[in-house]
Amino acid sequence: MNAVNPPSRAPDGTGRLMERTCMRTFMRASALAATLAFVVAGCGGGSEKKGTGGTASGAPVSGAKSGGHLDVLSASDIDSLDPGYWYYQYDYMAVGLPTQRWLYSWAPTATTPTPDIASGMPKTSADGKTVTIKIRPGIKYSAPLKGRTVKAADIAYAFARDLNPRTGNGYAGAYYANIVGADKVQSGKTDKLAGVTASNDTTLVIKLTKPTGAISTAQALALPGTIPVPEDYAKKYDKGSQSSYGQHQVFTGPYMIKNNGNGKLTGYVAGKRIELVRNPDWNGKQTGDYRPAYLDSITFLGGNDLAVGSRKILSGRSMISGDYAAPPTAVLKSALSSRKSQVSIHGAGSIRFIALNTKVKPFDNVNVRRAVAAVINKNTLRLTRGGPALGTIATHFIPPDLSGFDDAGGTAGPGADFTKNPQGDLQLAMSYMKKAGYSSGKYTGKSVLMVGDNQPPASKTGEAVQSQLQQLGFKLNYRQVPHPTMLSKFCGVPKAAVAICPNLGWGKDFFDGQSMVDPVFNGKNIAQTNNSNYAQVDDPKINSLLAKASASTDAGERSKLYGEVDKTITEQAYVIPWIWDNDVNLESSNVAGVNNKFNVSWDLVFTSLKGGST
Amino acid sequence: MARFIIRRLLWVVVLLLAVTLLTFIIFYLFPSADPAALRAGRQPSPALIEQIRHQLGLDRPWPVQYLDYLKGVVLHFDLGYSYQNSISVRTQIFDRLPATISLAVGAAVVWLFIGITVGIISAVRSGSILDRMTMGGALVAISAPVYWLGLVALYLFANDIGVVKIFPGAGSYVPLSQDPAKWFTSLLLPWFVLAAAFAAIYARLLRTTMIESMAEDYIRTARAKGLSERRVILRHALRSAITPIVTAAGLDVGVLFGGAILTESVFNVPGVGRLAFDSIQNSDLPMIQGTVLFAAFFIVTANLIVDVLYAFIDPRVRY
């Protein structure tokens, strides 16, 4: 989930998501052509009768049978083979969860971390600065380390790798920065991380510079950066500017990428294919792995067109969707009417929003921001992405299922008048403009710079925002650029002084408000490049609440604090949240797909074929 | 002729150098994403971004980076490693090249066969119903976007999602070395879809040039000498009319060797075009450089071949 879940499904937020987000938009563009093709070709949705139980629940199946092969159709590829790099939904789905065991992991329906390699939850010292974790003995590695077991030191080395720029980890800077010595590893002064040590083979000790709730509650330990990496084996690959360990990695999960047993992966062809087979050395049943691993083998086939692949899954057998965004509108509509039981729709734990730069006039004025929030027609914006199946109208920033959501008002939101009408309210917006000093109720100043994505559907969203703001008298200098450029040259660069960014998104890293609101609203996160505090919010109240929440190890207290932050964000209209995303996944009719709530994608270690190996 | 070829080969080297230099300059001077920032993830400190920039060698002056790159290419044919997945660029391109070449060559055979046949018939029967029908059809083929045509072809004829299940569908490509029969059948739909617009353009082009050459004095002379109409058309009229076709074909095939992004995408043929598209999205400079370099190489080589072919096709051309 990753800084926004899977790239392909990710809201167009952080820097690392763009690649697949762009692919998503590329695929979306294709959807228009696909729609027309359907008309021309006269192809309907197939002959299967309408599902009776609504869309696929994606819940774990009791009495599932073992065996069989599954194909996963994808548009693109995983981002890397390196466990230390994995950060996006498809990385987790394809390799992270099936091939490795994490210190803490996520059972399909869980919203709190599930101990995996760890034998229980972390124990935090009274001062909150020492975290001790016991790990299960006897977990085996695959060949070429056949017979060797996971030691606490292997996880300590994994933490050091996460912080080493050579690995390219996308979240270590956000969640592991408080580990003693993290700064020295990040700056390249040393490869040794002083703050994570193994007091013996089964005890991992993490020393922190200050109490860190995300680590003490294990949320930030339920990430693939905790996958054990045996230092003596990996060291030879962890050299040079980029590590090549991923291409020679050893596995601890029920599956492994097909390999020659000597550390060479033979089942991976970049951009085309990942072949997972059973890991003969997996001893999960003896060492507390909770995952059943029904399937015998799984192949990920990349490069599929979204429209064609979606139809293949729906009409074929033993296939599921991989990194796809929602299917094209025509395919989705058809599937929802005639193959409903093959469609799984779940909240993605991510948000799309419009950022108003508080350092650029006139958005330094809270009433102007509220006026913009009031005039935005969120329903129209949602339609530009495909309509209600693609998400719920957002009333505040933290999405459902995360701590802080209920405390911020739940689905109804905090109740500010300018967020109440999803169709927009021009009269209310004009009243706020008057409060801001514009006597006519319309903006009369200089034109403002808005920078958005140049690919549909995001470009369509931007155009809708433009049209809605024009009702309030705004003259926009609207630039549409490629998504990566939008983030790395405009919206993520304070010096660019972009007033409005209409195509932003952000997703959870785990079920905690921190990963949602801290990066985007903490004043200390305003950076000159790669800035994720797009509105440049430096609000003492929010900063103080975030500091308090970050240090808190009490889940209830964290939830209240993040809820309070969210209320303040909404009240001040720093950003305009407009949709909590859904992820749409597809399965063939003979697949009993299980959805993983954390990753909002199919969970392959719980998914099975109906009837077993058919 | 030998001097001409040597001179042109030297130009190939100069052109390729220019292309690599241009790609470097475009990457550095025009707005794009910062690969170090992309790799740095959430909330990176400026120091971390600098450290990554240093590790990737992006903190050195771009001329130094460029010279290092050239050294690698010339001395070791080393195209570097992808910023995205740390895998050798050369390996990835060579891995995908056979699919792209298969697609381009096969499509070229189809469009040349159809385009030349239709062009000749339309020129010889100029003004007839057949001529009007084929040229009308050509206009439709030119106007149809290849992506749309691909989808329609799949929805009609693919053996998995098609109405009439005749041809293997998307994702069925297998390398020639693995199974020649499957390779052939898996590429039939992509070949026809990719070839459709080209065939239409070539047919219209050849029709025009053929009509002009059929009106030339030497054609009348040939007929006066009592040569058969078949011989007049194929040996005399076509030979002079086909020069622009050869020029266009050389360029088009060269361009397609650099990748046919849409066709590769819709039929899931794992070629270089899709790789290039992805690398641009990811600001993956080494991969962009590699794919552009290969595309440029194929285009200039195809041009060279075309120039040499001129001498054989048209007796008036001498080097």
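This is a predicted model: local features need pLDDT of at least 70, side-chain atom pairs count only at pLDDT 80 or more; totals for chains, interfaces and linings use all residues.
## A first look at chains A and B

In chain A, A:Val196 sits across from A:Ile206, a residue of strand S7(A). Chain B has 14 helices and zero strands, while chain A brings an open sheet of four strands.

**The sheet in chain A**

- Let's stay with the strands we started on: S6(A) covers residues 196–200, S7(A) covers residues 203–207, and four bridges hold the two together in an antiparallel run.
- Another pairing to look for is A:Thr197, whose bridge partner in S7(A) is A:Val205.
- To get from S6(A) to S7(A), the chain makes a hairpin through two residues.
- In general, strands of a sheet pair through backbone hydrogen bonds, and they can do that in a parallel or an antiparallel way.
- Zoom out and you'll find S6(A) and S7(A) in an open sheet of four strands, ordered S4-S5-S7-S6 in chain A, with antiparallel pairing.
- Which strands stand at the edges? They are S4 (123–124) and S6 of chain A; each has a single partner strand, so one side of each has no neighbour in the sheet.
- A helix joins in here too: H3 of chain A (residues 152–163) packs on the sheet and touches S6 and S7 of chain A. The direction of H3 makes about 175° with that of S6(A).

- Read chain B from the N terminus and the elements go α-α-α-α-α-α-α-α-α-α-α-α-α-α.
- Along its principal axes, the C-alpha atoms of chain B fill a box of roughly 85 × 55 × 35 Å.
- The crossing of H6(B) past H8(B) is left-handed.
- Who meets whom? On the H6(B) side you'll see B:Thr134, B:Met135, B:Ala138, B:Ala141 and B:Ile142, and the residues they meet in H8(B) include B:Ala196, B:Ala200, B:Ile201 and B:Arg204.
- Sorted by class, the contact of H6(B) with H8(B) has 10 nonpolar residues, one polar and one charged.

**Two domains in chain B**

- Chain B splits into domain 1 (2–76) and domain 2 (97–284 + 295–313).
- How far apart are the C-alpha centres of domain 1 and domain 2 of chain B? They lie 34 Å apart.
- Where the domains touch, domain 1 of chain B puts in 10 residues and domain 2 of chain B puts in eight residues.
- On the domain 1 side, helices H1 (2–29) and H2 (35–40) of chain B each supply at least two residues, and H1(B) gives the most, with six residues.
- That domain 1 side is made up of eight nonpolar residues, one polar and one charged.

**Where chain A meets chain B**

- The contact draws 60 residues from chain A and 52 residues from chain B.
- Four helices of chain A each supply at least two residues of the side that touches chain B: H1 (18–41), H4 (172–175), H8 (306–315) and H14 (483–491).
- Which helix gives the largest share of the chain A side? That's H1(A), with 11 residues.
- By class, the chain A side has 24 nonpolar, 27 polar and nine charged residues.

Note on methods: Residues are numbered from 1 along each chain as its sequence is written. Chains are lettered from A and ligands numbered from 1 in the order in which they are written. Two residues are in contact if their C-beta atoms, placed from the backbone, lie within 7 Å. Ala, Val, Leu, Ile, Met, Phe, Trp, Tyr, Cys and Pro count as nonpolar, Asp, Glu, Lys and Arg as charged, and the others, Gly among them, as polar. Two strands pair if DSSP finds at least two bridges between them. Domain bounds come from an automatic or database domain assignment. A crossing is left-handed if the near helix is turned anticlockwise from the far one by less than a right angle, and right-handed if clockwise. Axes are lines fitted to C-alpha atoms, for helices over the stretch in contact, and angles run from 0 to 180 degrees between N-to-C directions.
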